[in-house]
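Here are my notes after a pass through the model you sent over.

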Amino acid sequence: MTVQLSQQNIGVGRGRLDEALIPLEKALMVLAGRERAVALSNLGNVLFQSGRIPEAIARLQESVRLDPGHIDAHYNLANALARSGRPLDALPHYEAALSA
């Protein structure tokens, strides 16, 4: 199954962040492995952009757990942790993103 989950396809590029959540959450019901990690990372990024930082952190942590090599998830998680006042927790994720 191919699922189109690029940020442009789900409405993020057009500024419709709330609309972007629906296809991502639906995709999570059927995806596994790397595809699930990518969807979680995209969902975390949309939540972050919407100011829903604690939810973003939870989704991004799950993405990194599923795919420790997912650079974007590490970078987005680091940004979310830093924004939430946890810069020391963010450092290893910035390092993971930069070392790839």
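1. Which hand does the crossing have where H4 passes H5? It's left-handed. Keep in mind that this is a predicted model, so everything below is computed from predicted atoms.

2. First, the overall layout. The chain has 5 helices and 0 strands, and from the N terminus on the elements read α-α-α-α-α. Of the 100 residues in the chain, 41% are buried. If you look at contacts between residues at least 6 apart in sequence, 43% of them join residues at least 24 apart.

3. Back to H4 and H5. Helix H4 covers residues 71-83 and helix H5 covers residues 87-99. Their axes come within 8 Å and cross at roughly 160°. Angles over 145 degrees count as roughly antiparallel, and H4 and H5 are therefore roughly antiparallel to each other.

4. Who does the touching here? On the H4 side you'll find Ile71, His74, Tyr75, Leu77, Ala78, Asn79, Leu81 and Ala82, and these meet Pro87, Asp89, Ala90, His93, Tyr94, Ala96 and Ala97 of H5. Sorted by class, the contact of H4 with H5 has 11 nonpolar, 3 polar and 1 charged residues.

5. Since Tyr75 lies in helix H4 and Tyr94 in helix H5, the pair ties together parts that are 19 residues apart in sequence.

6. For reference, buried would need under 20% and exposed over 50%.

7. Staying with Tyr75 for a moment: leaving aside neighbours within four places in sequence, Tyr75 is in contact with His93, Tyr94 and Ala97. Tyr75 and His93 are 18 residues apart in sequence, with 6.2 Å from C-alpha to C-alpha.

8. Next, H2 and H3. Helix H2 (residues 33-49) packs on helix H3 (residues 53-66) at an angle of about 160°, with the axes 8 Å apart. H2 and H3 are therefore roughly antiparallel to each other, and the crossing is left-handed.

9. The residue list for that pair: Gly33, Arg36, Ala37, Leu40, Ser41, Leu43, Gly44, Asn45, Leu47 and Phe48 in H2 meet Ile53, Glu55, Ala56, Arg59, Leu60, Glu62, Ser63 and Leu66 in H3. The split by class for the contact of H2 with H3 is 9 nonpolar, 5 polar and 4 charged.

10. Last, H2 against H4. Here the angle is about 30° and the axes are 10 Å apart, which makes H2 roughly parallel to H4. H2 passes H4 in a left-handed crossing. Ser41, Asn45 and Phe48 of H2 make the contact with Asp72, Ala73, Asn76, Asn79, Ala80 and Arg83 of H4. By class, the contact of H2 with H4 divides into 3 nonpolar, 4 polar and 2 charged residues.

Conventions: Residues are numbered from 1 along each chain as its sequence is written. This is a predicted model: local features need pLDDT of at least 70, side-chain atom pairs count only at pLDDT 80 or more; totals for chains, interfaces and linings use all residues. Side-chain values use heavy atoms; hydrogens and water are left out. Axes are lines fitted to C-alpha atoms, for helices over the stretch in contact, and angles run from 0 to 180 degrees between N-to-C directions. Helices (H or I, at least four residues) and strands (E, at least two) are DSSP runs, numbered from the N terminus. Angles under 35 degrees count as roughly parallel, over 145 as roughly antiparallel, 65 to 115 as roughly perpendicular and the rest as oblique. A crossing is left-handed if the near helix is turned anticlockwise from the far one by less than a right angle, and right-handed if clockwise. Contact means heavy atoms within 4.5 Å. Ala, Val, Leu, Ile, Met, Phe, Trp, Tyr, Cys and Pro count as nonpolar, Asp, Glu, Lys and Arg as charged, and the others, Gly among them, as polar. Buried means under 20% relative accessible area, exposed over 50%, partly exposed in between (1.4 Å probe, protein chains only).
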